[in-house]
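Q: Could you walk me through this one? I have a few quick things to ask.
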Amino acid sequence: MNCRTLEYIVAVKETGSIRQAARQCNATVGTISGQITRLENYLGIRIFKSRAQPAELDERAAELFVKIDAVVENLRMIKQLAAVSQSK
């Protein structure tokens, strides 16, 4: 698991589809689907109910998503701080 995988999950949830998330993240559908599957296997739970549209979180993953979303938001803030630091 890496930070990008978490960003993919948030993008799928926000856009409602892996295809839309792939466009948003500049990735392939296969990359996003594969990363989600790897994380599901690692955690032992399904994150999305199915690969059909719209993508819906599995009930057990809904609480997990709150944490994932917080991590991704923190990553965005870290990137912004780093960008500001580089411009000084």
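Q: What does the side chain of Asp58 reach at the start of α4?
A: In this predicted model, a side-chain oxygen of Asp58 comes to within 3.1 Å of the backbone nitrogen of Arg60, at the start of α4.

Q: And how far apart are the end C-alpha atoms of α4?
A: They are 43 Å apart, which agrees with the 42 Å that the 29 residues of the helix, residues 59-87, should span at 1.5 Å a residue.

Q: Where does α4 bend, and by how much?
A: The bend is at Phe65 and comes to about 30 degrees.

Q: Is Phe65 buried or exposed, then?
A: Phe65 is buried, and so are Ala61, Ile68, Val72 and Leu75 in α4.

Q: What do those buried residues pack against?
A: The buried residues of α4 pack against α1, which covers 3-15.

Q: Changing topic, how many disulfides are there?
A: The count comes to 0 disulfides, taking a pair of cysteine sulfur atoms within 2.5 Å as the criterion. Cys3 is in no disulfide, and the nearest cysteine sulfur to it, that of Cys25, is 13 Å away. Cys25 is likewise in no disulfide, with the sulfur of Cys3 as its nearest cysteine sulfur, 13 Å away.

Q: Is Cys25 buried or exposed?
A: Cys25 is buried, because its relative accessible area is 10%, and the cut-off for buried is under 20%.

Q: What about Cys3, how does that one count?
A: Cys3 has 41% relative accessibility and therefore counts as partly exposed, a class that lies between the under 20% of buried and the over 50% of exposed.

Notes
Residues numbered from 1 in each chain as written. Predicted model: local features only at pLDDT ≥ 70, side-chain atom pairs only at ≥ 80, totals over all residues. Heavy atoms only, no water. Helix = DSSP H or I, 4+ residues; strand = E, 2+ residues; numbered from the N terminus. Expected span 1.5 Å × (residues − 1). Bend = angle between axes of the 7 residues up to and from the residue. Buried < 20%, exposed > 50% of the residue type's maximum accessible area, 1.4 Å probe, protein only. Contact = heavy atoms within 4.5 Å. Polar contact = N/O pair within 3.5 Å; in protein donor to acceptor, adjacent residues only side chain to side chain.
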